[in-house]
Amino acid sequence: MTTGESRALILAAQEALENAAGAGPAASSAWAPGRCTLVGEHVDYAGGQVLCVAIQLGIAVALRRSTTERFRVASGENVVTRIEAGPRGDVGDRVLAPVVALRERGIAVPVVEVGIAATLPAGAGLASSAALMVAVTAAILRLLGLRMTARDLAAVALSAERDVLGIPCGPLDQRAVVDAPAQGALLLDCATGAEVSVGWLWPEAVLVACDTGTHHDVGGAEYRRRREETESGLAALSVEGCQDLTEAAIVAGHLDPAIERRLRHVMAESRRAVEGADAMRRADLVALGRLMSASHRSLRDLHEVSTPILDTVVSAVEAAPGCLGARMVGAGFGGTVVALVTLENAEACRSAMADACGGETFLLRPSPGVAVLSPDVVQG
Ligand code: GLA
């Protein structure tokens with residue numbers, strides 16, 4: 001199953017490939033969506049719960065066997081050619097990391113040429129890396145006539161990002177990109193790996209987003225530091241994950257104040273994600289919006305991953321008519337703000353966001369993940 005948008009993007013990826021490498025054998029292709037967290041940010045690496053959707057913006061990949069024994073990656077104006085798939089510090093790194101991850105699993109991936117096209121903004125907190133690596137992995141499997149379970153597909157993409165590229169991310173993005181349901185959100189328990197689908201059945205509310213144009217920093221020092229601080233706090237309290245934290249244990253721990261703030265964030269944020277799923281089941285949009293805004297305040301004040309520009313955009317849209325709640329999305333330190341708004345006020349809310357930062361705004365629609373879209377992914 002492909003949507004009109006993903007079909008058009010796949011054609012653009014094929015065109016990018018042929019423009020860079022010339023006409024050749026038919027390409028194997030795949031499309032993967034981005035993700036938008038609703039509630040549950042910066043808890044995946046602490047064994048927390050996350051409520052998220054995949055979105056209609058995504059990345060398409062077209063690839064074929066190379067006839068020159070050189071990898072080639074074509075993305076917009078950028079074309080890189082190389083002999084090895086391993087990271088080298090250019091735009092080919094993220095594209096070819098799944099080749100390394102698949103080979104490490106014993107799959108004989110040949111040298112390939114890859115064309116990329118995207119509607120998902122890169123580095124905006126909407127999981128563009130995970131979408132890219134899931135799409136490349138799916139296209140390689142298709143090229144080789146192999147099938148994989150959804151769990152393994154997400155695991156390969158995560159290993160490409162974490163083990164091959166050394167980015168210390170949690171499992172959220174890959175699981176959302178692969179497993180998001182057709183019409184709703186995914187509540188993902190990062191302690192057990194279990195997931196539950198929650199329907200999104202309200203025509204009267206939409207998600208609007210604003211890419212502030214400032215860059216976030218997964219792989220950067222601050223994300224790594226938040227993860228290390230959180231993990232050191234959990235270890236100091238001898239607690240496995242943030243779902244086992246209690247207020248009393250945090251107080252009794254006499255922790256460094258910054259570590260204490262990180263633990264308060266992950267404890268409350270994971271609970272908010274579960275409450276958000278309950279609010280969705282009750283179709284209580286007001287409650288979901290409040291939880292989104294509470295999530296932002298916690299990311300700003302306790303986890304300290306927001307920025308003045310993100311805070312300004314959140315405040316501006318919260319003050320607009322019909323806004324039920326708003327927050328930064330993804331790792332933070334820049335990127336995107338998302339707001340839950342009533343349909344009739346969507347344009348006013350978009351204007352409020354754009355006026356606050358001059359960034360681009362768009363509607364986000366829940367999209368199915370790759371496991372739903374792709375016939376090569378077997379359930380499991
Ligand atoms: C990035 C990481 C994810 C997650 C989010 C924050 O997107 O890749 O693993 O930690 O930040 O929730």
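This is a predicted model: local features need pLDDT of at least 70, side-chain atom pairs count only at pLDDT 80 or more; totals for chains, interfaces and linings use all residues.
The protein chain is divided into two parts by domain assignment. Domain 1 covers 4-199 + 368-379, and domain 2 covers 205-364. Taken over C-alpha atoms, the centres of domain 1 and domain 2 are 25 Å apart. The two domains touch each other.

The ligand lies between domain 1 and domain 2, because both domains give residues to the shell around the ligand. The space that the ligand takes is the largest pocket.

The shell holds 13 residues. Those that come nearest to the ligand are Glu 41, His 42, Asp 44, Asp 173 and Tyr 223. By class, six residues of the shell are nonpolar. Another three are polar, and four are charged.

For Tyr 223, a polar side-chain atom lies 2.6 Å from a ligand oxygen. For Glu 41, the corresponding separation is 2.7 Å, again from a polar side-chain atom to an oxygen atom of the ligand. Arg 35 also contributes: an N or O atom in the Arg 35 side chain is 3.1 Å from an oxygen atom of the ligand. Taken alone, the ligand exposes 300 Å², and the protein buries 98% of that area.

Glu 41 and Tyr 223 are also among the residues that come nearest to the ligand.

Notes
Residues are numbered from 1 along each chain as its sequence is written. Side-chain values use heavy atoms; hydrogens and water are left out. A residue is near a molecule or strand if one of its heavy atoms lies within 4 Å of it. A polar contact is a pair of N or O atoms within 3.5 Å; within protein, one must be able to donate a hydrogen and the other to accept it, and residues adjacent in sequence count only if both atoms are side-chain atoms. Accessible areas come from the Shrake-Rupley method with a 1.4 Å probe; for residues, only the protein chains shown count as cover. On a 1 Å grid over the protein atoms alone, a cavity is a set of points where a 1.4 Å probe fits but cannot get out, and a pocket is an open set with protein on both sides within 12 Å along at least five of seven lines; lining residues have an atom within 4 Å of a point. A molecule sits in a cavity or pocket if more than half of its atoms lie within 2 Å of its grid points. Ala, Val, Leu, Ile, Met, Phe, Trp, Tyr, Cys and Pro count as nonpolar, Asp, Glu, Lys and Arg as charged, and the others, Gly among them, as polar. Domain bounds come from an automatic or database domain assignment. Contact means heavy atoms within 4.5 Å.
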